[in-house]
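Please look at the sequence and the model shown here before reading on.

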Amino acid sequence: MTIPAGSAIPHDQRLALCKALRSQIRKQRRALSAEFQQQASTAAAARLLAVIDAQPKIQQVALYFSCDGELDTSPLFAALWQRGIKTCLPVLHPFNRGHLLFLHYHADSPMRQNRFGIAEPLLDIRHLVLPTQLDMIVTPLVAFDNQGNRMGMGGGFYDRTLANPHVSALAVGYAHDCQHHEQLPLAEWDIPLPLIVTPNRLINNH
Ligand SMILES: Nc1ncnc2c1ncn2[C@@H]1O[C@H](COP(=O)(O)OP(=O)(O)O)[C@@H](O)[C@H]1O
Ligand SMILES: [Mg+2]
């Protein structure tokens, strides 16, 4: 099904399109071999590190823990720690549903599984980093387009974080090339990303 350019599509139609697209891309992503994943993560890390190295003011970076065939962030964590850059991970807000907190994360941080089965740092207020203190937010995603539009897993978590006008972090989508999709079924609350990094491309819409 194609979406007429610039037109809003009805809510249920958008949900159905999102559901089908998520399932198709997640299946493709999970089918990538371990060797492909390894090479992809090294190539994408080098591309993103070139951006970070060009901006010395980047001192606190939020990343994610990869699952479900997502582009592996472990080479990035290692390289950022080597540079003395502080890394954070998202934590589901305990009572403000749909919102994320960010906690400082290092190799020895105590972790727990959240309700999506994703590992997150144990909530400890001493390790809280406000989203306004972050210099870069590297977001996972299911699909992206050349304009930097992002489709996530359907929780709207990063849309809410980035909707905060006080958040000045550079938001970067981090994904496999096969997650590109030309016509994303977008909604008015979707916030585009100024930068998308894949193993083969850097899409800059700054
Ligand atoms: N800034 C926001 N404020 C309130 N609700 C939001 C905001 N951003 C997204 N949402 C809600 O989050 C839900 C999921 O958003 P969606 O964009 O479909 O998910 P995702 O970005 O994870 O693909 C939507 O039902 C939407 O109403
Ligand atoms: Mg969205």
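Predicted model: local features only at pLDDT ≥ 70, side-chain atom pairs only at ≥ 80, totals over all residues.

Residues are numbered from 1 along each chain as its sequence is written, chains are lettered from A and ligands numbered from 1 in the order in which they are written, and side-chain values use heavy atoms, with hydrogens and water left out.

**The sheet.** Helices (H or I, at least four residues) and strands (E, at least two) are DSSP runs, numbered from the N terminus. An open sheet is formed by seven strands in the order E3-E2-E1-E6-E9-E10-E11, with mixed pairing; two strands pair if DSSP finds at least two bridges between them. Strand E3 (100-104) and strand E11 (202-204) are at the edges with a single partner strand each, so one side of each has no neighbour in the sheet. On average, neighbouring strands of this sheet are turned by 25 degrees against each other, direction ignored. E9 and E10 run parallel and are joined by three bridges. Glycine 173 is opposite isoleucine 196 in E10.

Contact means heavy atoms within 4.5 Å. Axes are lines fitted to C-alpha atoms, for helices over the stretch in contact, and angles run from 0 to 180 degrees between N-to-C directions.

| Helix | Strands it lies across | Angle |
|---|---|---|
| H2 (residues 34-53) | E6 (136-139), E9, E10, E11 | about 165 degrees to E9 |
| H3 | E1, E2 (86-92), E9 | about 135 degrees to E2 |

**The metal site.** Which protein donors does the magnesium ion (ligand 2) have? They are Asp159 (OD) and Asp190 (OD), 1.9 to 2.0 Å from the ion. Donors are N, O and S atoms within 2.8 Å of the metal (3.2 Å for Na, K and Ca); water is not among the atoms, so sites may look incomplete. Aspartate 159 is in helix H4 (residues 157-163) and aspartate 190 in the loop between strand E9 (170-174) and strand E10 (195-197), so the pair ties together parts 31 residues apart in sequence.

**Two single residues.** Glutamate 120, in strand E5 (residues 119-121), is buried with a relative accessible area of 2%. Residues that glutamate 120 touches include Pro90, Leu92 and Arg112. Aspartate 68 is not a glycine, yet has a positive phi of about 60 degrees. Most residues other than glycine have a negative phi.

How values were computed: Buried < 20%, exposed > 50% of the residue type's maximum accessible area, 1.4 Å probe, protein only. Lists of a residue's contacts leave out its neighbours within four places in sequence.
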